[in-house]
Amino acid sequence: MDFNFNRTIADTKTFSKEVIREHGLTDDEYSRIKKILGRHPSIAELGMYSVLWSEHCSYKHSKPLLKLFPTTGKYVLQGPGENAGIVDIGGGLALSFKIESHNHPSAVEPYQGAATGVGGIIRDVFTMGARPIASLNSLRFGSIGPDNPRMNYLFNGVVGGIAGYGNCIGVPTVGGEIYFSDSYGTNILVNAMCVGVVQSGGEPVDELYGPIVRGKAAGLGNKVLYVGADTGRDGIHGATFASVEISKKTEEKRSSVQVGDPFKEKVLLEACLELVKTGIVVGMQDMGAAGLTSSTSEMASRSNSGIDLYLDKVPQREKNMTPYEMLLSESQERMVVIVEKGREQSAYDIFSRWGLHAMEIGEIVEGDKLRCIFQNEIVAEVPARSLADDAPVYECEEAEPYYLKEVQKVKIETLPDLPRDKAEETLLALLAAPNIASKRCVYEQYDHMVQTNTVVAPGAADAAVLRLKGSDKKIALTTDCNARYAYLDPYTGGAAAVAEAVRNLACVGARPLGATDCLNFANPEKPENFWSMRRVCQGIADACRAFDTPIISGNVSMYNESSLGPIYPTPVIGLAGVIEPDTPRITMQFQNAGDLIFQIGRTRNAIGGTEYLKLRHDMEAGLPPRVDLRQEKALQEFLIDSIEQGVLNSAHDLSEGGLLVALAESVIVSGQGAEVQLMSGKLRLDVLLFAETQARAVVSVAPDKLSAFQKLAAKYAVPAQSVGKVQAGNFTMTVDGEKLIDLPVAKMADKYYSAIPKLLSEK
């Protein structure tokens with residue numbers, strides 16, 4: 001068919017420098033586009049390049065850093081480059097998972113921003129052919145309380161959005177983390193993770209699970225089907241919006257925030273998974289960031305093929321939509337599906353049964369161009385790869401942040417030690433500190449039991465544990481990051497995020513298989529920020545190699561910064577592991593009166609970067625606890641082996657708040673007391689009780705398992721220090737023979753569970 005190109009749209013006078021800037025492009029990038037096309041772009045093409053070349057889609061500032069990560073391994077079936085990664089768990093099954101950010105939308109419209117973040121990551125997983133079985137999240141807010149009504153609103157909106165979408169679609173929210181810091185006062189973070197199950201190959205294991213599908217557009221003549229919700233004007237330029245700093249102007253862009261419909265996504269999910277089992281699906285991809293433009297260009301680029309799109313056929317929710325709007329819309333609950341030529345009717349029948357309309361909007365053609373046709377005219381014709389893979393990559397300048405020398409020079413010996421008569425008061429204050437206090441008021445809003453796979457409920461253990469229908473194995477999941485560590489020492493912060501995630505899995509008896517990351521950073525074009533980014537990524541890379549835990553998927557969120565300053569570097573790690581059959585269920589809860597309590601690992605003489613230092617001295621300073629990867633590996637192997645052999649009755653890693661907070665948490669969740677007896681030796685009291693030294697855990701052991709426990713500790717060369725025993729009654733602690741704490745468990749629990757609700761309810 002002969003089409004006419006509308007040259008008036010491509011007139012150079014149309015695109016002033018102001019228009020180019022509004023599209024997030026530089027003069028050099030615009031010149032590059034003209035060179036690729038051999039002409040000026042049309043307005044539709046300008047929009048397409050603006051979103052696909054945004055930081056959110058192209059990673060043009062972070063690609064050099066992502067190359068540091070290990071991405072292959074024994075269990076990896078699919079690494080980065082697809083909608084989600086996949087690891088083999090044996091028995092014919094695999095896990096597909098990924099974590100992504102929805103930071104900027106959530107800062108503007110918290111409920112829909114968070115809700116559509118959940119919906120988007122779920123689509124990324126079932127696009128791979130996997131049935132979603134679990135959601136997790138990692139959230140960061142500024143200070144909440146009566147003096148911060150705006151942050152209270154954001155907090156409640158985000159939690160409500162996660163609950164509203166996840167509960168309705170029927171995917172349980174089983175884990176996560178929440179931190180508070182003034183660093184996020186104008187730029188909150190909302191990271192959403194989803195995990196699904198798919199067949200790894202061979203004979204079907206369970207009718208619930210289908211085969212792996214990838215996002216490719218191959219096979220000349222195969223049809224491009226549009227499935228799901230109609231296209232509207234919501235979310236246009238959402239990807240570009242996510243690639244700029246937050247300001248009053250960006251907060252006005254509510255049209256850049258999508259609106260979700262979890263019920264529509266539920267039927268879309270079930271219909272797509274049913275279709276996958278027919279074997280006629282060539283490729284599938286959701287219309288996420290950058291909508292139809294990203295899905296079609298990425299699929300075509302992966303297959304080195306061309307696509308003709310007929311935009312007149314795109315189902316539209318609103319009247320008189322332009323090609324520009326249709327191509328850039330980020331309306332939710334939409335998929336692109338490529339099916340084998342001649343078998344389209346099978347797809348139509350399945351989607352019809354689920355109450356969905358499927359529309360043929362294009363086909364696979366020769367060449368490598370994505371050609372968009374509207375009202376018999378070509379409105380865009382670009383090499384697909386130039387959109388999806390050939391965005392410019394920048395090597396940014398680096399300079400050590402000015403603040404590091406100042407914050408790191410704080411020395412422990414210059415600070416007064418904790419008075420002994422303040423130990424009880426300080427423990428209660430830490431239990432009520434927002435970063436430590438229970439998040440029960442949040443996770444009780446999430447349905448964690450839908451699908452009936454959850455083995456360990458939120459709040460009971462360091463990682464979520466789920467059974468897999470069709471398998472005798474269980475899986476463990478966690479998200480982790482201490483951003484304060486990354487602020488004080490970026491390399492250590494990156495390594496510590498991985499180390500804590502691995503410890504959390506080990507505390508439920510799980511071996512890590514693979515990781516996903518959400519790297520939340522400030523403006524990479526500022527040398528101090530990029531310096532920190534590189535060191536964070538190097539820390540992650542080194543830790544992942546030490547634990548044989550490759551990064552199989554992830555997301556980078558840049559420009560988390562406002563006029564008030566940047567966020568702390570926040571490299572969130574999502575980790576999945578497998579628990580072998582017959583491994584006993586274990587939590588952080590103390591089990592039986594008389595059980596012996598041990599600290600595994602050695603406390604180091606430092607309190608830099610701790611919650612205690614922030615609470616007691618109002619300082620976020622010093623060097624954070626260093627990460628010894630060999631000690632972490634030894635602790636991990638000891639915990640897993642001990643749990644598999646049934647030697648331990650409980651296990652809980654030591655992180656925020658140190659030894660005393662970990663002991664208190666195990667007491668609170670069990671409802672039983674403990675008698676703790678410590679010797680300070682050469683340690684200060686504040687270090688003994690509240691240091692956050694890495695590679696440590698608190699475990700409890702039945703007296704008749706003591707010999708087996710000691711043999712395992714010797715086998716792995718991990719220090720095992722007796723610190724007390726479980727008892728009915730109060731939580732008591734003596735140091736060097738002097739009783740410093742004698743608290744009813746109920747009083748501790750009240751502080752722990754009521755702190756955040758009180759902050760949100762106070763007027």
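Student: Leaving aside its neighbours within four places in sequence, which residues is Gln199 in contact with?
Tutor: This is a predicted model. In it, Gln199 sits in strand 7, which covers residues 189-199. With neighbours within four places in sequence set aside, its contacts are Gly92, Leu93, Pro204, Val205, Asp206, Tyr209, Gly210, Pro211 and Ile212.

Student: Is Gln199 buried or exposed?
Tutor: Buried means under 20% relative accessible area. Gln199 has a relative accessibility of 9%, so Gln199 counts as buried.

Student: Which backbone oxygen does the side chain of Gln199 reach?
Tutor: Tyr209 is among the contacts of Gln199. At 2.6 Å, the side chain of Gln199 reaches the backbone oxygen of Tyr209.

Student: Where is His102 found?
Tutor: The UniProt annotation "binding site", from an unreviewed entry, covers several residues, including His102 and His104. His104 lies in helix 6. His102 is found in the loop between strand 4 (93-101) and helix 6 (103-108).

Student: What is the relative accessible area of His104?
Tutor: The cut-off for buried is under 20%. His102 is buried, at 14%. His104 is buried too, and its relative accessible area is 1%.

Student: How far does the backbone nitrogen of Gly117 lie from a polar atom of the side chain of His102?
Tutor: Beyond four places in sequence, His102 is in contact with Gly113, Thr116, Gly117, Val190 and Gln258. For Gly117, the backbone nitrogen lies from a polar atom of the His102 side chain at 3.4 Å.

Student: How far apart are the centres of domain 1 and domain 2?
Tutor: The domain assignment gives domain 1 as 82-203 + 443-583 and domain 2 as 397-437 + 585-762. In contact across them are 51 residues of domain 1 and 54 residues of domain 2. Taken over C-alpha atoms, the centres are separated by 24 Å.

Student: Which three residues supply 17% of the area that domain 1 buries against domain 2?
Tutor: About 4,600 Å² is buried between domain 1 and domain 2, and carbon and sulfur atoms give 56% of this area. On the side of domain 1, three residues supply more than any other three: Arg484, Leu488 and Arg503.

Student: Which element gives the largest share of the side of domain 1 that touches domain 2?
Tutor: The interface has 22 residue pairs in polar contact. Several elements of domain 1 each supply at least two residues to this side, among them helix 8 (149-169), helix 20 (490-506) and helix 21 (527-546). The largest share is ten residues, and it comes from helix 21.

Student: How many salt bridges does the rule find across the interface of domain 1 and domain 2?
Tutor: Side chains of opposite charge can pair when their charged atoms come close. The structure holds 47 salt bridges. Across the interface of domain 1 and domain 2, the rule finds eight.

Student: With which residue does Arg503 form a salt bridge?
Tutor: The closest N and O atoms of the pair are 2.7 Å apart. The pair links distant parts of the chain, 129 residues apart, with Arg503 in helix 20 and its partner in helix 23 (residues 629-644). Both residues are buried. The partner of Arg503 is Glu632.

Student: How many residues apart in sequence are the parts that Arg420 and Asp736 tie together?
Tutor: Arg420 and Asp736 form a salt bridge, with their closest N and O atoms 2.9 Å apart. Arg420 lies in the loop between helix 16 (404-408) and helix 17 (423-431), and Asp736 in the loop between strand 28 (731-735) and strand 29 (738-743), so the pair ties together parts whose separation in sequence is 316 residues.

Student: Is Arg420 buried, exposed or partly exposed?
Tutor: Buried means under 20% and exposed over 50%, with partly exposed in between. Asp736, at 33%, is partly exposed. Arg420 has a relative accessibility of 30%, so Arg420 counts as partly exposed.

Student: How far apart are the end C-alpha atoms of residues 21-60?
Tutor: In an unreviewed entry, UniProt places the feature "domain: Phosphoribosylformylglycinamidine synthase linker" at residues 21-60. The span is 68% helix and 0% strand, and its end C-alpha atoms lie apart by 17 Å.

How values were computed
Residues numbered from 1 in each chain as written. Predicted model: local features only at pLDDT ≥ 70, side-chain atom pairs only at ≥ 80, totals over all residues. Heavy atoms only, no water. UniProt positions renumbered as here; feature names shortened; annotations may be inferred. Helix = DSSP H or I, 4+ residues; strand = E, 2+ residues; numbered from the N terminus. Buried < 20%, exposed > 50% of the residue type's maximum accessible area, 1.4 Å probe, protein only. Contact = heavy atoms within 4.5 Å. Polar contact = N/O pair within 3.5 Å; in protein donor to acceptor, adjacent residues only side chain to side chain. Domains from an automatic or database assignment. Buried area = accessible area lost by both parts, 1.4 Å probe. Salt bridge = Lys/Arg side-chain N within 4 Å of Asp/Glu carboxyl O.
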